[in-house]
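Below are some notes to read with the coordinates open beside you.

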Amino acid sequence: MAFVIKKIGIIGAGHMGTGIAHVFALAGLEVHLIDIDEAALAKSVANIDHYLGRQIDKERISVAEKEAAIARISTGTTYDPLGEVDLVIEATTEDEEVKKAVLKAVCPLLKPETLIATNTSTISITRLAARTDRPGKFLGMHFMNPAPKMALVELIRGIATDEDAFNAVRDLVEVMGKTAVTSEDFSAFIVNRIIMPMINEAVYALYEGVASVDAIDTALKLGTGHPMGPLQLADFMGLDHCLAVMTMLHEGMADPKYRPCPLLVKYVEAGWLGRKTGRGFYDYSGDEPMATR
Ligand code: NAD
């Protein structure tokens, strides 16, 4: 009989862990959310409450559905409750050493049949799996940002991932009403592998003086039907995140075509990280974002 996932532990209550907890709780699953930082947990629950409220305003869910979803979420700062869960989703900071330490601490607490997924955007699934006591039950489950809104989840097989584990998580994606695509374990998987070089190329076009910020974004929006221009999208994602993915691609593929644009590097060095710092390729200090070049 197929392994059915009913209870989920999420490690890391940051931006992604919060969105993932929201999605699962609304889909009827029990969620235990863990972070080392109490304040992050409080902020996470408050954000879930707020966004569920917005879904009520838009008449997408009822008040009763919101209350039931909130009641399915528990939180804490220790890993012990993971002994009760069927699936652990690791969504801590994108730092390989942090993730390896978390996996090492968590594995001895889990039931033998518990699956582990990581939401990493760039780190090798096979390498992380090798740090666990269950590489066959380990896979990548890469949610898009923001998780409650985006329909896609990339599922990534490590070299050792077994079919039953993979199928159980694929079925779970369906329960959430999202669509899974399968990727093999290569740097940045599918979406980031394609979107980040496009953003990097847009920054090169700006750097080389091909066109202005406005011209590049307008060209891509009207010329290709993209809802956002690549520089606008980079600001939304965070320029530090874009640079980290490009660097990983460059190193992971050992191919100069992925070289991060020096202008992207300069912006990150300046602390101009996009929307979250008030300035990136646009300045967000006024009523409307203003192009900076
Ligand atoms: P974030 O910085 O918002 O959150 C990370 C959280 O992990 C923080 O609250 C931190 O306190 C917590 N944490 C750190 N060490 C911990 C530990 N040892 N135990 C428990 N909690 C710990 O990061 P994020 O943007 O939510 O990203 C999380 C993961 O999701 C990363 O692997 C990232 O690559 C991936 N991801 C991010 C995006 C994105 O657009 N932000 C999209 C898809 C995937």
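Predicted model: local features only at pLDDT ≥ 70, side-chain atom pairs only at ≥ 80, totals over all residues.

1. Let's start with the ligand. The shell around the ligand has 23 residues, and those that come nearest are Met16, Asp35, Tyr79, Glu94 and Lys99. Which elements each supply at least two residues of this shell? They are α1 (15-26), α4 (96-106) and β6 (138-143). Helix α4 gives the most, with three residues.

2. In Glu94, an N or O atom of the side chain is 2.5 Å from a ligand oxygen. Asn119 places a polar side-chain atom 2.9 Å from a ligand oxygen. As for cover, the ligand has 840 Å² of accessible area on its own, and the protein covers 80% of that.

3. Next, please look at Glu154, which sits in strand β7 (residues 152-157). Glu154 is buried but has no salt bridge. How far away is the nearest side chain of opposite charge? That side chain belongs to Arg193, and it is 10 Å away.

4. What does the side chain of Glu154 reach, then, at 2.7 Å? It is the backbone nitrogen of Val191. The backbone nitrogen of Ile190 is also reached by the Glu154 side chain, at 3.2 Å. Beyond its neighbours within four places in sequence, Glu154 is in contact with Gly140, Met141, His142, Met144, Val181, Phe189, Ile190 and Val191.

5. Thr179 belongs to strand β8 (residues 179-184). Is Thr179 buried, partly exposed or exposed? Its relative accessibility is 47%, so Thr179 counts as partly exposed. Although Thr179 and Leu152 are 27 residues apart in sequence, their C-alpha atoms are 5.0 Å apart in space. With neighbours within four places in sequence set aside, the contacts of Thr179 are Ala151, Leu152, Val153 and Val173.

6. The structure holds eleven salt bridges, and a few deserve a look. Asp133 pairs with Arg134, the closest N and O atoms being 2.8 Å apart. Arg134 counts as buried because its relative accessibility is 8%.

7. A salt bridge between Lys276 and Asp240 has its closest N and O atoms 2.9 Å apart. This pair links distant parts of the chain: Lys276 is in the loop between α11 (262-269) and β9 (282-283), Asp240 is in helix α10 (residues 239-253), and they are 36 residues apart. Lys276 is exposed at 56% relative accessibility, whereas Asp240 is partly exposed at 29%.

8. Lys266 and Glu269 form another salt bridge, with the closest N and O atoms 3.5 Å apart. Because the two residues are three apart in helix α11, about one helical turn separates them. Both partners are exposed: Lys266 has a relative accessibility of 53%, and Glu269 has a relative accessible area of 58%. Two names here return from the ligand site, with Glu94 and Lys99 among the residues that come nearest to the ligand.

Technical notes:
Residues numbered from 1 in each chain as written. Heavy atoms only, no water. Helix = DSSP H or I, 4+ residues; strand = E, 2+ residues; numbered from the N terminus. Buried < 20%, exposed > 50% of the residue type's maximum accessible area, 1.4 Å probe, protein only. Lys, Arg positive; Asp, Glu negative; His and termini not counted. Salt bridge = Lys/Arg side-chain N within 4 Å of Asp/Glu carboxyl O. Polar contact = N/O pair within 3.5 Å; in protein donor to acceptor, adjacent residues only side chain to side chain. Contact = heavy atoms within 4.5 Å. Near = heavy atom within 4 Å. Areas by Shrake-Rupley, 256 points an atom, 1.4 Å probe, with all protein chains shown as cover.
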